[in-house]
Amino acid sequence: MRAVVAVLALLAGLLHLLIFRMESMVWSRPETWRRFGVASQQLADANQPVMYNQGFYNLFLGIGAITGAVCLVAGPTTVGWSLVVFTCACMLGAAVVLRTTGSRYTRAAVTQGTLPALALIAALVVVVS
């Protein structure tokens with residue numbers, strides 16, 4: 001079951017690296033900012049500094065989840081569990097906050113929150129059993 005947690009955390013981390021890329025590296029491309037529901041290049045340009053910053057939050061969470069997944073498999077496992085639980089809880093919390101900003105963000109919140117939620121559930125199963 002530890003491998004399942006590691007795979008889910010790894011996938012959540014990789015998703016957050018993809019989000020980092022969109023928010024911080026290719027934000028100015030119309031296909032990117034439209035995906036986030038931004039209506040014009042002018043609005044995208046105005047939001048670019050905030051998105052750049054937000055992207056780095058996703059980068060750091062992604063790195064933490066990936067590092068935790070690697071540690072769960074290769075050791076030290078205590079570090080792995082700590083990183084996976086913390087980063088996945090933060091990812092899930094961010095998804096919940098995103099959803100509270102409006103129903104139009106439901107799909108994005110579900111996309112962002114599903115993998116970390118599954119990782120946390122699997123981790124809870126390991127702890128309980």
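**Entry: ground rules**

I note that this is a predicted model, in which local features need pLDDT of at least 70 and side-chain atom pairs count only at pLDDT 80 or more, while totals for chains, interfaces and linings use all residues. Residues are numbered from 1 along each chain as its sequence is written, and side-chain values use heavy atoms, with hydrogens and water left out.

**Entry: the chain as a whole**

I find 5 helices and 0 strands in the protein chain, where helices are DSSP runs of H or I with at least four residues, strands are runs of E with at least two, and both are numbered from the N terminus. Along the sequence the pattern reads α-α-α-α-α. The C-alpha atoms fill a box of roughly 50 × 25 × 20 Å, taken along the principal axes.

The 24 residues of α1 should span 34 Å, and the end C-alpha atoms are 33 Å apart, which agrees. The buried residues of α1 include V5, L8, A12, G13, H16, I19, F20 and E23, and among the elements that cover the buried residues of α1 are α2 (30–35), α3, α4 and α5 (106–128).

Helix α4 also has 24 residues, and its reach from first C-alpha to last is 34 Å, close to the 34 Å expected. Within α4 I list G80, V84, T87, C88, M91 and A95 as buried, with α1, α3 and α5 among what covers them. After α4 comes G102, whose phi is positive, near 155 degrees.

**Entry: how α3 meets α4**

At what angle do the axes of helix α3 and helix α4 cross? The axes of α3 (residues 41–74) and α4 (residues 77–100) cross at roughly 145 degrees and come within 7 Å; axes here are lines fitted to C-alpha atoms, for helices over the stretch in contact, and angles run from 0 to 180 degrees between N-to-C directions. The crossing of α3 and α4 is left-handed, a term that applies if the near helix is turned anticlockwise from the far one by less than a right angle. On the α3 side the residues in contact include L61, G64, A65, G68 and L72, and on the α4 side they include V79, W81, L83, T87 and M91. The residues of this contact divide into 11 nonpolar, 7 polar and no charged, with Gly counted as polar.

T67, another of the α3 residues that meet α4, counts as partly exposed at 35% relative accessibility. I also note that the C-alpha atoms of T67 and G13 are separated by 8.9 Å, although the two residues are 54 apart along the chain.

**Entry: aromatic rings**

I count 4 aromatic pairs in the structure, where rings of Phe, Tyr and Trp (its six-membered ring) pair if their centres lie within 6.5 Å, and planes under 30 degrees apart count as stacked, over 60 as edge-to-face and the rest as tilted. The rings of F20 and F56 have centres 5.0 Å apart and planes at 75 degrees, so this pair is edge-to-face. The pair links distant parts of the chain, with F20 in α1 (residues 2–25) and F56 in α3, 36 residues apart. F20 is buried at 12% relative accessibility, whereas F56 is partly exposed at 25%.

The rings of F56 and F60 have centres 6.0 Å apart and planes at 50 degrees, so I record the pair as tilted. F56 and F60 are 4 residues apart in α3, about one helical turn, and F60 is exposed at 54% relative accessibility. F20, Y52, F56 and F60 form one aromatic cluster.

**Entry: T32**

Is T32 buried or exposed? T32, which lies in helix α2, has a relative accessible area of 6% and is therefore buried. Leaving aside neighbours within four places in sequence, I find T32 in contact with M22, V26 and W27.

Technical notes: Contact = heavy atoms within 4.5 Å. Buried < 20%, exposed > 50% of the residue type's maximum accessible area, 1.4 Å probe, protein only. Expected span 1.5 Å × (residues − 1).
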